[in-house]
Amino acid sequence: MTAGTLGGSDLLLLSAILVPLVLGLAALKPWVRRWGPTLALVAPLPALAAVLLVPVGQSVLLVPAPFRLTLALDAPGALLLGGAALLWLLAGIYARAYLKDDPERGAFSVWWLLTMAGAFAVFLVADVASFYLAYALVSFAAYGLAAHDDTAEARRAGRVYLALTVLGEALLIAAFVMLASSVSGANPLIRDAVAGLAQSPWRGAILGLLLVGFTMKMGLFPLHVWMPLAHAVAPVPGSAVLSGIVVKAGVIGLIRFLPADLPLAQWGMALLTAGLFTAFYGVAIGLTQSHPKRALAYSTVSQMGVVAAVLGAGLAAGDAAAPSLAAFYALNHMLLKGAMFLAVGVAMASGPRHLRLVLIGAAVLGLSLAGLPFTGGALAKYAVKAPVGEGGAGILLALSAGGTTLLMARYVLLLAARGKGADPAAGEAEAPPALLVPWAVLSGVAVLLPFALFTPVTGLGLGGLFSLEGIIKGLWPVALGLAVAALLYQKPPKVSEIPAGDILALTQGLRPALRGLLSAAVRLDAGLRHWSSAALALVLVMVALAVAMGEPQWLQPLWP
Amino acid sequence: MSGGALPGLPPADMLLVLAVILPLFGLLPLLLLGSRLAERLTLLVLAAGLAVALGIGAEVAAAGQAATAFIGGWRPPLGVGLRADGLSAVMLVMTAVVLCATGLYAMTGPATPRAAGERMPTAFWMLLLCVWSALNLVFVAEDLFTLYVALELLTFAAVPLVCLDGKEGQIEAALRYLVFALFGSVLYLLGTVLIYALYGTLDIILAARRASVSPGLVVALAAMTAGMMAKAALFPLHLWLPPAHSGAPPAASAMLSAVVIKAPIFLLVRFWLDLAPESLAVKVGPILAGLGAAAILMCSLVALAQHRLKLLIAYSTAAQIGYLFLMFPLAAAASAWSALAWTGGALHLASHAFSKAAMFMAAGLIAEAVGHDRIKGLTGLGRALPVSVAAFGLGGLSLMGLPPAGGFVAKVMLLSAAVHLGNWWIALVILIGGLLAGGYVLRVVVPALQRPAAPLALRPVAGWREWVALALALVAVGLGFVPLEPSAYLAIGRPASWAEGAP
């Protein structure tokens, strides 16, 4: 770490965050905003360059103590940053065409750029206060992407999202304050603060708050309620970055703030259990959905359950390799899910003939997510086997891949229904190249990139994966999922669609209670603001102060 | 007499006296001038006063000790001493900045002169200068009777600000304010008399040296504290604040909510950290914090239920005052963490001043443009008045305690201290208060970002007035870049003594 002079790679790391941030702020000016969709293409380039050129392990102290503003590129951060930059670039090209007739596209690009700055920062910052700032930026700016369409649905989704975001921020600041206090000096590095966790008298409280705060962002049951709402109402490219990238802020949070080499069996098991449950729960609810974007959003819920399970298993065992493997899995999900969301927009613009090709592409993406051998997704599934192990959790994890296959089959069917197939006038309609090309490129990268990264990240060869045993292990869940899908297709059960946000409906009962609380507060306030009660209160306050101070002997004669 | 610590600046003692009398000298010619010239002259005085406040701040920083002035050369106990330590200097500068912004905001524009009826009357400018002089005197005086005079001047200047337009509701609100502030003054005076009777001096520093726990001191402190709580509108003594702060003209509301309300709180800090023996401070802390917590929870809930923007902001002030009272048990504890709580409290005080002034100004512009301030009718306002909405939102960001705003750093400091000192309930209240603030701020900001059902019919407002509000909000955000550690500047001149003035 050097303070003072900044080298080229330091500047590159800094510009990865600053370029989108400055462009986003500049786009507040209307004449800049007109160029917003184009600026959105420039903004992710420094981050992409940083991932390619800056060696992993580089860290730079930008502002010395007491601020200690530090950037660092570690392996999980580099994986997620690189994937995010790539997805953001391609989704930006897509968005430019997708929103070209939207009069509000300028405003959309402001939120787009700010969310991007926050997301890149979250992957790069290494000190506690900057992390909180970056996390707040990506969380709040993402609201603008989700609520862009400004329909009644979008407004509701935005409200739910903001409410949970504000709550999450409160939980996290409480955790960070307790965590940072084991280290002397203002604003410690995350690494140093986490190292103090073992000795912290508040270890349980800190871990509980961290887990709830970060898994809320990842959409773990029961805090997932905002995700299907928000990810389904955003414009297609917005959904792609929300579901692909923004949820990874929670993943990097867990990676950074959970101790890597301190086994915490109970906490780890709790996270593992919650993750596995969510993995199945997301599939179950997702299967009832009638819109491909909602089905994808529930698939994200399910996939983040898998990531949480991996991190939980790692935490329980004190497995220092788990975070990198979880990040690898998250990267795989990031690219695939981004491509699958973009496919929705492509399908909606395609006539019957081209739709077929789009559906095949989407099916390949889905199968890769489920871990079909010879796809990138199989490598991700294989990588996370090690921390979870072969026991019950491992079998459940494999079964969840079957669930994913099923949900992906549902997604492809829903996608087919969304195409212009039903419209005879559409005939030969083809999605414009500006939608098609970024989608196709992203799909290709999503399926192939894990092959290039597998060995450097896991340290394993690809041999085990291509052995007969490896292929069978990857194949059976997918085959099982496809078989169940075929059965269900033949004989669709009568299940009505569960409204997005599922258990959110349970909180309806809280509304009258909340309203009652508010009106009680108003009534109490009105009562206290009467002259008589306020004057009495003044006297009572004075007496109370005197009594509090005067517990000694001289008051005792007044006591009976 | 100590000379100026910095070359090129007048000596510190002269600056202290100037801070108090400059506004008063500016006041005299206003009696003779019309409103247009009055506002121009006031702005000149404001600029000069800002320079004086900055000068004091610089002198205190350069000398590393409090600046003092002895009126007529007589030292206490014979004479009256003025003294500005680090905290006083911060308060002086904060007040000067807020009042300068208020002056700019209330000014008639050079390009777009407002109709004659809408110009602020000369009385407004006179009251502004009175308020300023009184505030500066509160911040530098060390003598209980001088402080009494300053408090009275402050009250009598602030009350007419509430009813400047002479509307019926305003006059009732002003009367409430006046009567309740008078109760507070009476209690304060009672305490002052008792202290003089006990120790034969009115000087806080000298009295503190002689103070020992006795029934007289207990009654005096209880009376003075209750009086200041009444003037600060701490729950449940807040009956006068919502109507007064929401009914006043926006420029006046900004001043009242941002700085005027801080004077009694500043004095409470003086009483409990400088005057009272520590053994008493420790016992009273929980009561002050308990009422502060009640203020945060109750007034935030009531703010959530408001239908009018200015009332929402006024209730938010009543709630935010609570945070300053949470500081007392933390700062009074004998621990290394109390310094952090103390810095956090001061930072909260300052960032609330800037953000609340910005929010009231923005609300005034919004009401001017839309013609009403019903929160329901503000959907889509973000497109029509982006700068005002941004000012409101950034001010709100600080209230919510989100980074990078000043309110965030203040919250983290108070939270850290609360956690370390084992005051878990205080930490919990701080967190819940942040959630509730998020609720009432987003209730306004989120609809403003949406698209309106029908285009809003707006009257034009001067753009630079919007920028004044935004500039204040940005100052509140800028305070978020204060390092997260006890401030050395605020520790200058503490514990209080007259040693700096030694010849």
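1. Chain A of this predicted model contains 25 helices and two strands. Its radius of gyration is 26 Å, close to the 24 Å that the globule rule gives for 560 residues, so chain A is as compact as a globular protein of that length. Along the principal axes, the C-alpha trace of chain A spans about 95 × 55 × 50 Å.

2. The interior of chain A may be described in two ways. Of its 560 residues, 57% count as buried. Among the contacts in chain A between residues at least 6 apart in sequence, 82% join residues at least 24 apart.

3. Chain B has 19 helices and two strands. The C-alpha atoms of chain B fill a box of roughly 70 × 55 × 45 Å along the principal axes.

4. In chain B, 63% of the 503 residues count as buried. Of the contacts in chain B with a separation of 6 or more, 80% are accounted for by residues 24 or more positions apart.

5. The two chains meet at an interface in which 44 residues of chain B are in contact with 40 residues of chain A. On the chain B side, the elements that give two or more residues are helix 6 (168-199), helix 8 (215-232), helix 12 (278-304), helix 17 (406-420) and helix 18 (424-449) of chain B. Helix 8 of chain B supplies the largest share of that side, with 10 residues. By class, the side of chain B that touches chain A comprises 35 nonpolar, six polar and three charged residues.

6. Packed helices are described by the angle between their axes and by the distance between the axes. Helix 4 (residues 122-140) of chain B and helix 5 (residues 144-162) of chain B pack at an angle of about 155°, and their axes are 8 Å apart. Angles over 145 degrees count as roughly antiparallel, and helix 4 of chain B and helix 5 of chain B are therefore roughly antiparallel to each other. Their crossing is left-handed.

7. In the contact between these two helices, residues from helix 4 of chain B, including Leu127(B), Cys130(B), Val131(B) and Leu135(B), meet residues from helix 5 of chain B, among them Thr146(B), Leu147(B), Leu151(B) and Pro160(B). The contact of helix 4 of chain B with helix 5 of chain B has 17 nonpolar residues, one polar residue and no charged residues.

8. The second pair consists of helix 14 (residues 337-370) of chain B and helix 16 (residues 386-400) of chain B, whose axes come within 8 Å and cross at roughly 150°. Helix 14 of chain B and helix 16 of chain B are therefore roughly antiparallel to each other, and their crossing is left-handed.

9. Which residues in helix 14 of chain B meet helix 16 of chain B? Those in helix 14 of chain B include Ser351(B), Ser355(B), Lys356(B), Met359(B) and Ile366(B), and the partners in helix 16 of chain B include Ser388(B), Phe392(B), Gly395(B), Gly396(B) and Leu399(B). The residues of this contact between helix 14 of chain B and helix 16 of chain B divide into 10 nonpolar, six polar and one charged.

Conventions. Residues numbered from 1 in each chain as written. Chains lettered and ligands numbered in written order. Predicted model: local features only at pLDDT ≥ 70, side-chain atom pairs only at ≥ 80, totals over all residues. Contact = placed C-beta atoms within 7 Å. Helix = DSSP H or I, 4+ residues; strand = E, 2+ residues; numbered from the N terminus. Nonpolar A, V, L, I, M, F, W, Y, C, P; charged D, E, K, R; others polar. Rg over C-alpha atoms; globule rule 2.2 N^0.38 Å. Buried ≥ 20, exposed ≤ 12 C-beta atoms within 10 Å, placed from the backbone. Axes fitted to C-alpha atoms, helices over the stretch in contact; angles between N-to-C directions. Parallel < 35°, antiparallel > 145°, perpendicular 65-115°, else oblique. Left-handed = near helix turned anticlockwise from the far one by under 90°.
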